[in-house]
Amino acid sequence: MTIILAPGDSEPGQAGVPQTSPTAWISCCILGALWGAPFIAMLLWSLSTQALRSVLTLLFTAILVTMPLAACARTWRRFFQWTFPLWVVAAAYSTCAVLSDKVPGSAMALLLSGASWEEISGLFGVWQQKWMTLPIAGILALYLVLASRLPVWPVLSRKITAVVRVLLVLTVPMAVYAAQNSAQLAAGVALNPIIGSLMFFGVQMPRAHAELQGKLVVKAPFHAQRTGTDEEVHVLVVGESARRASWSAYGYARATTPYLDGLKKDGEAIFLRDAMSDANLTILAVPMILTGLTPQQTAPGRHLGGNLLDLAKEAGYTTSWLVNQDVGVSTLMGIAADHLEYPPDLHEGLFSRRTLDETLLPAYRREIARAGHARLIGMHVMGSHWEYYLRYPKSFQRFGSAQRISTLSSATTDRSKVADLADAYDNSVLYTDWFLQQLIEQARALQVPATVTFIPDHGEASPYLDGGAVGHGSAHYVPAEFEIPAFIWVNAAYRKAHPEKVAAVKANASKEIRSHDVFYTVADLMGITWPGAAPERSFASERFVPDATKQHLARGVLTTRP
């Protein structure tokens, strides 16, 4: 191999190439700028977003990472060629951090782990800046071409060795200062686009995959069996922030649920007239819906054990879990469905996801069409979560105007905007009505017994209608945060196959139904039995006994309502 010494050394060049070839120097400078770009981008971004110790950690880890890589490569050509894959990953990592204003972490890992290739390619299809693929490809090609043509300069020339020694000396005080705060030190390590990307793909991604497979939650088998063998389809929709008194199906003056109003009038759906949420926070309410644990049994750190999807799988059902929500709630319960759908959201806001619930419809149609097996399709949707005006497309802006509402409007004391909040909320209910229509009409087309059960996690207080109370999660009992709408739709085939269960639901519809009753009820509707089954907890059973404790979790604290 012919070696051309780096400028600054006294030996002359070889192979007829000038020692200070301008072209070679320009190529080397361009490659250095490209290779350092991810670090520079992270540095500039972190100066305004991170603590000083974290910034210094980025600097000294960049030095400590680059030096050994360069020393092992021995020549600059090999260095740039060998580290090309690292550079590509680091560039993607820093781009993601700068654009999303946060370092890729567990949320991003869960998003990527839960997304299918079809969804990722679909995102590319709607990407507004597809034109950027050409310059990106050009930059990658330029890097490879320049690296391949770079003279074989040794890395450790005399001048570079001197510079290295100075940089290594400087890392000592930076490391000592940064180490005084372990949290900021760890944050700084994550800022390093090479170390951070390796940690992301080597630690975060495997953990996210394990979470989505339910492998991190300790579970005990139910020993469940199914009483029948015929194909049935059961759909459970867990809604969000649904205020019962804002649904026209429950008497609200505005026609916010026109489709459901028709189902109620025709007797196709059985509406629960006194459904109550067990908690006014999603992180507590949804686990109780899917595990059957009561407020008294729910405590921080408690092992939740198995959930409804585990029970269904044991009994022979094929399970699906379609999520347009904080997937952390699902991983908390260790939900491990046969088919998972978690659409990517590139514009997630301060409070929650911004993708509309309708993004789940293609997956729902696919799952409901999987004929030949008994199926449980679970859905966790955004429903009417704040920010209300982001929960529906413009075509559903039927009530009022959302022009004066912003992210912080939920905390407004401006009474002129309170009515706007109520308008936006009602529009979100109207959209939920349409969304549920899509689900039910798809299920209606089935020839096998089918049910659709809807229950939200909790209610929602309206400052316009509930005396100034806002949202949910209050530390005390606010009726609107716990009084929820809920219903069960059953098709003609199910009514014919299980008339006794339909009759029981109708008989119990006026009784107080709690969130934790849903677990036993849906299992009952599916014909599942197990040693821990409790017919008195299923409102699809004539033996149902309502919970009379009047106890709920208000912001996590066990509270007895008046």
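Analyst: Gladly! Let's start with a word we will need: a pocket is an open set of points on a 1 Å grid over the protein atoms alone, where a 1.4 Å probe fits and protein lies on both sides within 12 Å along at least five of seven lines; its lining residues have an atom within 4 Å of a point. This is a predicted model, so local features need pLDDT of at least 70 and side-chain atom pairs count only at pLDDT 80 or more, while totals for chains, interfaces and linings use all residues. Residues are numbered from 1 along each chain as its sequence is written, and side-chain values use heavy atoms, with hydrogens and water left out.

User: How much space lies in the second largest pocket?

Analyst: About 880 Å³. That volume is the space filled by probe spheres set on the points, with grid points joined across faces, edges and corners.

User: What makes up the lining of the second largest pocket, by residue class?

Analyst: It divides into 26 nonpolar, four polar and one charged. Here Ala, Val, Leu, Ile, Met, Phe, Trp, Tyr, Cys and Pro count as nonpolar, Asp, Glu, Lys and Arg as charged, and the others, Gly among them, as polar. Of the 31 lining residues, W35, T66, M67, W76 and L167 lie nearest the centre of the pocket. Helices α1 (22-49), α2 (52-73), α3 (76-82) and α8 (158-178) each supply at least two lining residues, and α1 gives the most, with nine.

User: How many helices and strands does the protein have?

Analyst: It has 20 helices and 13 strands.

User: Why is α4 called roughly perpendicular to α10?

Analyst: The axes of α4 (residues 84-100) and α10 (residues 193-212) come within 8 Å and cross at roughly 85°. Axes are lines fitted to C-alpha atoms, for helices over the stretch in contact, with angles from 0 to 180 degrees between N-to-C directions. Angles of 65 to 115 degrees count as roughly perpendicular, under 35 as roughly parallel, over 145 as roughly antiparallel and the rest as oblique. Therefore α4 is roughly perpendicular to α10. Where they meet, L86, V89, A90, Y93 and S94 in α4 face residues of α10 including P193, I194 and F201.

User: Is S474 buried or exposed, and how do you know?

Analyst: Buried means under 20% relative accessible area, exposed over 50%, and partly exposed in between, using a 1.4 Å probe and protein chains only. S474 has 15% relative accessibility, so S474 counts as buried. S474 lies in the loop between β8 (450-456) and α17 (479-482). Leaving aside neighbours within four places in sequence, S474 is in contact (heavy atoms within 4.5 Å) with N280, E481, A554 and R555. Across the protein, buried residues make up 52% of the 562 residues.

User: What do R74 and K313 count as?

Analyst: R74, in the loop between α2 and α3, has 60% relative accessibility, so R74 counts as exposed. K313, in helix α13 (residues 308-314), has 33%, so K313 counts as partly exposed. R74 also has a phi near 75°, a positive value in a residue other than glycine.

User: Which residues are joined by a cis peptide bond?

Analyst: W386 and E387, with omega about 15°. E387 is found in the loop between β7 (375-380) and α16 (415-444).

Definitions and conventions:
Helix = DSSP H or I, 4+ residues; strand = E, 2+ residues; numbered from the N terminus.
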